[in-house]
Amino acid sequence: MTASHVDVSAVGCAGSELQEHFEATIARDRRIEPRDWMPDGYRKTLIRQIAQHAHSEIIGMQPEGEWITRAPSLRRKAILFAKVQDEAGHGLYLYSAAETLGADRADLTNRLIEGRQKYSSIFNYPTLSFADVGVIGWFVDGAAICNQVPLCRSSYGPYARAMVRICKEESFHQRQGYELLLTMMRGTDAQRAMVQDAVNRWWWPSLMMFGPPDDNSPNSAQSMAWKIKRHSNDELRQRFVDMTVPQAEKLGVALPDPELRWNAERGHHDFGTPDWAELTRVISGDGPCNAERVARRRAAHEEGAWVREAATAHAAKQAARTQKGAVA
Ligand code: FAQ
């Protein structure tokens with residue numbers, strides 16, 4: 001039993017006092033740490049969100065990873081390699097954060113490969129050209145930054161601290177994507193057309209990354225009351241649109257939304273409605289690449305069994321050696 005699973009009756013402290021302490025900590029904008037008592041719902045919500053987030057980083061390596069062998073130069077290959085490796089690191093920090101809540105990493109992986117736990121809808125779309133690599137950096141990492149910078153102030157300490165480093169790296173990823181696109185836009189007509197085509201395909205799925213609209217987001221109210229989420233799905237989506245429109249103008253591409261225009265009264269851009277039926281379909285496993293993504297993750301896990309066995313055997317050997325040394 002970890003400190004965070006304290007049995008209230010065993011410590012002789014009234015459950016309501018623990019609850020009050022938890023609520024006061026949240027109200028004062030202080031962090032909840034793994035050793036602290038927390039309501040079961042808070043723990044479950046965090047494990048759900050952090051696990052989905054970790055799975056997204058790991059599955060998110062696939063769409064861009066497919067282009068490592070086909071990158072057009074050694075420089076682009078090295079950049080892409082490093083970027084995809086960063087995403088693996090993000091997944092690992094996040095699985096570690098989930099473990100501080102008592103989750104078991106092997107169990108989380110099984111839930112992913114058995115289709116029992118979600119990952120971001122965005123990674124179920126195909127990468128058809130090298131321009132997609134640039135657009136993923138610009139849009140997907142850009143959306144990730146909008147969504148994740150506020151998570152650096154999330155009420156759960158290990159999650160918030162993991163997000164600080166992740167956001168620094170995502171910012172770098174976004175710039176590399178935008179720089180790649182600027183280079184392509186200075187190239188040939190065919191390259192410019194590739195960029196525009198990629199923008200057309202990724203725009204709406206990127207808006208869907210922020211989740212369903214607020215009036216259909218069952219988890220938002222409680223997650224915001226617990227200060228796990230700091231802003232609603234629609235607020236962050238709006239922030240992303242406002243941030244991206246001037247970048248698109250500078251790049252010289254058109255965003256594929258006839259309803260997109262500046263609204264001086266609101267001080268924000270108005271924009272069209274994403275196809276929410278499509279988001280529901282993709283989330284429930286019926287997107288263009290869901291089956292392929294999960295099958296590939298499952299195969300990688302199975303092919304890696306020998307590495308896990310070897311590492312476990314090595315750790316046991318080391319522990320036995322240390323114990324023997326201590327006795328001698
Ligand atoms: N895709 O009530 P809400 C990245 C689910 S990382 C799939 O609004 P919530 C880095 C939701 O889980 C991208 N499922 O839920 C990178 C819930 O399902 P459940 C991942 C979605 O949690 C870049 C149900 O719908 N980022 O990009 C989606 O309050 C490039 C109802 O929704 C994160 O995970 C979706 N788009 O808000 C890597 C950030 N939207 O569990 C590689 C952390 C909603 O009740 C390359 N997560 N759902 O069955 C969050 O901020 C939140 O969890 C939201 C959803 C905003 C995603």
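Here are some notes on the predicted model above, point by point.

1. Ground rules. This is a predicted model, so local features need pLDDT of at least 70 and side-chain atom pairs count only at pLDDT 80 or more, while totals for chains, interfaces and linings use all residues. Residues are numbered from 1 along each chain as its sequence is written, and side-chain values use heavy atoms, with hydrogens and water left out.

2. Overall make-up. The protein has 13 helices and two strands; these are DSSP runs numbered from the N terminus, with helices being H or I of at least four residues and strands E of at least two. Its radius of gyration is 22 Å, close to the 20 Å that the globule rule gives for 328 residues, so the protein is as compact as a globular protein of that length. For that comparison, the radius is taken over C-alpha atoms, and the rule is 2.2 Å times the number of residues to the power 0.38. The C-alpha trace spans about 70 × 50 × 30 Å along its principal axes.

3. Of the 328 residues, 47% count as buried. Buried means under 20% relative accessible area, exposed means over 50%, and partly exposed is in between (1.4 Å probe, protein chains only). The accessible surface comes to about 16,500 Å², and carbon and sulfur atoms own 56% of that; the areas come from the Shrake-Rupley method with a 1.4 Å probe, and for residues only the protein chains shown count as cover.

4. Contacts along the chain. Take the contacts (heavy atoms within 4.5 Å) with a separation of 6 or more: 77% of them are between residues 24 or more positions apart. Q52 sits in helix α2 and touches K118 and Y119, leaving aside residues up to four places away in sequence.

5. Charges. There are 41 positive and 41 negative charges, and their mean positions are 6 Å apart. Lys and Arg count as positive and Asp and Glu as negative, with His and the chain ends not counted; each charge is placed at NZ of Lys, CZ of Arg, CG of Asp or CD of Glu. Side chains of opposite charge can pair when their charged atoms come close. The count here is 20 salt bridges, a salt bridge being a side-chain nitrogen of Lys or Arg within 4 Å of a carboxyl oxygen of Asp or Glu.

6. K227 and D29. What do K227 and D29 form? They make a salt bridge, with the closest N and O atoms 3.3 Å apart. K227 lies in the loop between α9 (220–225) and α10 (233–251) and D29 in the loop between α1 (15–27) and α2 (40–59), so the pair ties together parts that are 198 residues apart in sequence. D29 is partly exposed, at 46% relative accessibility. Have a look at the backbone too: phi is near 65° for D29 and near 60° for K227, a positive value in a residue other than glycine in each case. Most residues other than glycine have a negative phi.

7. E179 and R75. These side chains meet in a salt bridge at 3.7 Å, N to O. E179 is in helix α7 (residues 157–185) and R75 in helix α4 (residues 74–99), so the pair ties together parts that are 104 residues apart in sequence. E179 counts as partly exposed, with 29% relative accessibility.

8. R192 and D189. Here the salt bridge is 2.7 Å, N to O. R192 and D189 are three residues apart in helix α8 (residues 189–208), which means that about one helical turn separates them. D189 is exposed, at 61% relative accessible area, whereas R192 is partly exposed, at 29%.

9. The E64 network. E64, K83, E87 and D141 are linked in a network of salt bridges. E64 is in helix α3 (residues 61–65) and is buried, with a relative accessible area of 2%. Its contacts, not counting residues up to four places away in sequence, include L80, K83 and V84, as well as T127, V133 and I136.
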